[in-house]
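Morning, everyone. Please have the sequence and the 3D view open while I talk.

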Amino acid sequence: MVPDETPMFDPSLLKEVDWSHNTTILSLATSPTHPGGSLVLRPLCTVDLNKGFLKGIGSVERDWRHQPGVVREIFEPMKRSGDYYVTVVEDGTLGQIVATATLIIEHKFIHSCAKRGRVEDAVISDACRGKQLGKLLPTLTLLSKMSCYNITLECLPQHVGFFKKKFAYTVSEENYMCWKFLK
């Protein structure tokens with residue numbers, strides 16, 4: 001596999017996000033199409049694997065550059081499903097991915113077979129914290145609003161207050177529990 005610029009999802013979807021419904025307070029005027037400075041907000045492409053994407057999400061334990069087939073095996077089915085919106089912020093000056101978040105759309109039988117959004121893997125590089133890169137979250141929230149009855153955000157307990165204050169997420173009455181099957 002040669003990394004290319006084929007996006008995981010149609011980039012025009014980001015242009016359709018109605019930013020007027022954003023409830024997030026950001027200190028800079030921003031939108032999906034104008035994230036500020038040399039930043040570009042866009043879908044993940046396989047070429048991003050060479051631009052620090054995997055390192056940014058904590059996948060440094062493997063050198064994926066020497067196993068491109070494994071990455072393609074993951075990327076292609078996610079792309080084909082149409083339910084994964086892995087979004088990145090690239091710093092055009094650095095040529096590096098500096099933030100990422102993933103919106104996953106789940107199809108449900110409840111709520112008249114409606115869809116539910118789930119945001120995961122929101123990561124901002126340490127060097128870029130405090131530079132308004134959290135704009136990924138309202139973008140994904142508004143993107144999910146186009147087709148979902150609700151959206152949830154998975155985060156570490158120490159980040160709950162941040163997401164409540166900055167992004168107007170509320171703590172659910174449900175408790176989510178998990179098993180981790182780490183090898």
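Some ground rules. This is a predicted model, where local features need pLDDT of at least 70 and side-chain atom pairs count only at pLDDT 80 or more, while totals for chains, interfaces and linings use all residues. Residues are numbered from 1 along each chain as its sequence is written, and side-chain values use heavy atoms, with hydrogens and water left out.

Layout. The protein has six helices and five strands. Helices here are DSSP runs of H or I with at least four residues, strands are runs of E with at least two, and both are numbered from the N terminus. Along the sequence the pattern reads α-β-α-α-β-β-α-β-α-β-α.

How much of the protein is buried? Of its 183 residues, 39%. Buried means under 20% relative accessible area, exposed means over 50%, and partly exposed lies in between, with a 1.4 Å probe and protein chains only. The protein exposes about 11400 Å², and carbon and sulfur atoms supply 56% of that. Those areas come from the Shrake-Rupley method with a 1.4 Å probe; for residues, only the protein chains shown count as cover.

Next, contacts, meaning heavy atoms within 4.5 Å. Take contacts between residues at least 6 apart in sequence: 66% of them join residues at least 24 apart.

Now the strands. Two strands pair if DSSP finds at least two bridges between them. Strand β3, residues 96-107, runs antiparallel to strand β4, residues 115-124, and eight bridges join them.

On to the core. A nonpolar core is a set of buried Ala, Val, Leu, Ile, Met, Phe, Trp, Tyr and Cys residues joined through side-chain atoms within 4.5 Å. The largest one has 36 residues, and Met8, Leu44, Phe53, Val89, Leu103, Val119 and Leu137 touch the most other members. At least two residues of this core come from each of β1 (39-43), α3 (68-81), β2 (84-91), β3, α5, β5 and α6 (160-167). Which element gives the largest share of this core? β3, with six residues.

Look at α5, residues 136-145. It is mostly covered, with eight of its 10 residues buried. Those eight are Leu136, Leu137, Pro138, Thr139, Leu140, Leu142, Leu143 and Ser144. Ser144 has a relative accessible area of 2%. Leaving aside neighbours within four places in sequence, Ser144 is in contact with Leu103 and Ile151.

Arg116 sits in strand β4. Is Arg116 buried or exposed? Buried, because its relative accessibility is 11%. Its C-alpha atom is separated by 5.9 Å from that of Ile151, which is 35 residues away along the chain. The Arg116 side chain makes a polar contact of 2.2 Å with the side chain of Glu106. Another polar contact, of 2.7 Å, joins the side chains of Arg116 and Thr152. A polar contact is a pair of N or O atoms within 3.5 Å; within protein, one must be able to donate a hydrogen and the other to accept it, and residues adjacent in sequence count only if both atoms are side-chain atoms. Beyond four places in sequence, the contacts of Arg116 include Cys148, Tyr149 and Tyr176.

Arg42 is in strand β1. Arg42 counts as buried, at 15% relative accessibility.

Cysteines next. A disulfide is a covalent bond between the sulfur atoms of two cysteines. How many disulfides does this structure hold? Zero, taking a disulfide as a pair of cysteine sulfur atoms within 2.5 Å. Cys45 is buried at 7%, and Cys148 is buried at 15%. Cys113, in helix α4 (residues 110-113), is exposed, at 55%.

Last, backbone angles. Most residues other than glycine have a negative phi. Cys113 has a positive phi, near 60°. Asp121 has one too, near 55°. Asp121 lies in strand β4 and is partly exposed, at 46% relative accessibility.

That is my tour. Over to you.
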